[in-house]
Amino acid sequence: EERVRRKILECLLGDNKALTPDASLALLAKLEQSQLSGFVSVSCQTSFDKVRELVSTLNVKRQPKFPSPCPEFFVIVRDRLGYFCVFEEAAASSSGAAKKYFGRAAIERHL
């Protein structure tokens, strides 16, 4: 079960990974079709389905709803999904490059 949860998290964004929600959904679909998914508990399959639902919700630009109380695994998922939020700050001059912020930094810049 722990191995599948690690694989699920690998399908999501992180500090060193740039993915779109579409790409994340494709990775989740690939994981679902793997042999590994056939050997998981019902609770692990339920977690997988919920993560896929959360990413799908973000993909259509809607706010995901997390389980309450939020189990530890979904706290990690929630943090990872925050990286889908991107804010691009315009370059200060014509020679400078625009700066991109992801996750919490993007949300703070946006507000």
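Guide: Let us begin with burial, where a residue counts as buried under 20% relative accessible area, as exposed over 50% and as partly exposed in between, with a 1.4 Å probe and protein chains only. The model is predicted, so local features need pLDDT of at least 70 and side-chain atom pairs count only at pLDDT 80 or more, while totals for chains, interfaces and linings use all residues. Residues are numbered from 1 along each chain as its sequence is written, and side-chain values use heavy atoms, leaving out hydrogens and water.

Visitor: Is C44 buried or exposed?

Guide: C44 is buried, because its relative accessible area comes to 1%. C85, in contrast, is partly exposed, with a value of 27%. Over the protein chain, buried residues make up 26% of the 111 residues.

Visitor: How many disulfides does the structure hold?

Guide: A disulfide is a covalent bond between the sulfur atoms of two cysteines, and the criterion used here is a pair of cysteine sulfur atoms within 2.5 Å. The structure holds 0 disulfides; for C44, the nearest cysteine sulfur belongs to C11 and is 12 Å away.

Visitor: In what order do the elements of the protein chain run?

Guide: Elements are DSSP runs numbered from the N terminus, with helices (H or I) needing at least four residues and strands (E) at least two. The protein chain has 5 helices and 2 strands, and from the N terminus on they follow the order α-α-α-α-β-β-α. Along its principal axes, the C-alpha trace spans about 55 × 30 × 25 Å.

Visitor: Which residues touch the most other members of the largest nonpolar core?

Guide: A nonpolar core is a set of buried Ala, Val, Leu, Ile, Met, Phe, Trp, Tyr and Cys residues joined through side-chain atoms within 4.5 Å. Of the 19 residues in the largest one, I8, L28, V51 and V77 touch the most other members. Two or more residues come from each of α1 (2–10), α2 (21–33), α3 and α4, and α3 gives the most, with 5.

Visitor: With which residues is V51 in contact, neighbours within four places in sequence left aside?

Guide: Contact means heavy atoms within 4.5 Å, and on that basis V51 is in contact with I8, L12, L28, F73, F74 and V77. By contrast, F48 and S93, which are 45 residues apart in sequence, are 45 Å apart from C-alpha to C-alpha. For the protein chain, residues 24 or more positions apart account for 42% of the contacts with a separation of 6 or more.

Visitor: What is the phi of K61?

Guide: Most residues other than glycine have a negative phi. The phi of K61 is near 60°, a positive value in a residue other than glycine. K61 sits in the loop between α3 and α4, and counts as exposed because its relative accessibility is 75%.
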